[in-house]
Amino acid sequence: MNSIKFDETVTLKVINSNDAESTFSLQVNPKSFVFQGHFPDQPILPGVLMVAAVKRGLNEKYSGKWSMESSSAIKYLGVITPRKDQNLILTIKHAQINPEQIKIDTQIRDENTTKFKMKATYKTG
């Protein structure tokens, strides 16, 4: 069984980042083996990879290893299909609660549609 390799399926690049918000381009590789099983005839990006993209973005912005402590909302608002939705935008609004905690409000979208939203608290360690 293959393990999911994030970088072979999704690539993040910083577009803009400041103390309150970070924006990344999120590119989906339609040739990733992930889509052979999720789902072969109608491939879609697994939700776990959307959540993982947020974590990667936080690791890019704030040095360290972050993990989700709690979430008040995770909403999948639209399907991300690798053939159509290869270039997306990930926006993370972040506020550091203390050196070990960050509160975030995030979304993944294309030019016209928000596909994913999440509000959560992350911790380092």
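Colleague: Which residue meets Lys115 in a salt bridge with an N to O distance of 3.6 Å?

Modeller: In this predicted model, the pair links distant parts of the chain, with Lys115 placed in strand E6 and its partner in the loop between strand E3 (66–76) and E4, 30 residues apart. The side chains that meet at 3.6 Å, N to O, are those of Lys115 and Asp85.

Colleague: Is Lys115 buried or exposed, and is Asp85 buried or exposed?

Modeller: The cut-off for a buried residue is under 20% relative accessible area. Lys115 has a relative accessibility of 5%, and therefore counts as buried. Asp85, at 4% relative accessibility, likewise counts as buried.

Colleague: How many salt bridges does a search of the whole structure find, and which residue forms one with Arg56?

Modeller: The search of the whole structure finds 3 salt bridges. In the one formed by Arg56, the closest N and O atoms are 2.8 Å apart, and the pair links distant parts of the chain, since Arg56 lies in helix H3 (residues 47–61) and its partner in helix H1 (residues 6–9), 49 residues apart. That partner of Arg56 is Asp7.

Colleague: Is Asp7 buried or exposed, and how does Arg56 count?

Modeller: A residue is exposed when its relative accessible area is over 50%, buried when it is under 20%, and partly exposed in between. Asp7, with a relative accessible area of 55%, is therefore exposed. Arg56, at 36% relative accessibility, counts as partly exposed.

Colleague: Which side chain makes a polar contact with the side chain of Asn87?

Modeller: Asn87 lies in strand E4 (residues 87–98) and counts as exposed because its relative accessibility is 54%. Leaving aside neighbours within four places in sequence, Asn87 is in contact with Leu26 and Gln27. The side chain that makes the polar contact with that of Asn87, at 3.1 Å, belongs to Gln27.

Colleague: In what sense do E4 and strand E5 pair, and what is the bridge partner of Ile89 in E5?

Modeller: E4 and strand E5 (residues 101–109) pair in the antiparallel sense over 9 bridges. The two strands, E4 and E5, form a hairpin with 2 residues between them. Within E5, the bridge partner of Ile89 is Arg109.

Colleague: How many residues lie between E5 and E6 in the hairpin they form, and which residue in E6 stands opposite Gln101?

Modeller: E5 and E6 pair in the antiparallel sense over 9 bridges. In the hairpin formed by E5 and E6, the number of residues between the strands is 4. The residue of E6 that stands opposite Gln101 is Lys123.

Colleague: Is Thr121 buried or exposed?

Modeller: Thr121 lies in strand E6 (residues 114–124). Not counting residues up to four places away in sequence, Thr121 touches a set of residues that includes Ser67, Met68, Ile97 and Gln101. With a relative accessible area of 11%, and a cut-off for burial of under 20%, Thr121 is therefore buried.

How values were computed:
Residues numbered from 1 in each chain as written. Predicted model: local features only at pLDDT ≥ 70, side-chain atom pairs only at ≥ 80, totals over all residues. Heavy atoms only, no water. Buried < 20%, exposed > 50% of the residue type's maximum accessible area, 1.4 Å probe, protein only. Contact = heavy atoms within 4.5 Å. Polar contact = N/O pair within 3.5 Å; in protein donor to acceptor, adjacent residues only side chain to side chain. Salt bridge = Lys/Arg side-chain N within 4 Å of Asp/Glu carboxyl O. Pairing = 2+ DSSP bridges.
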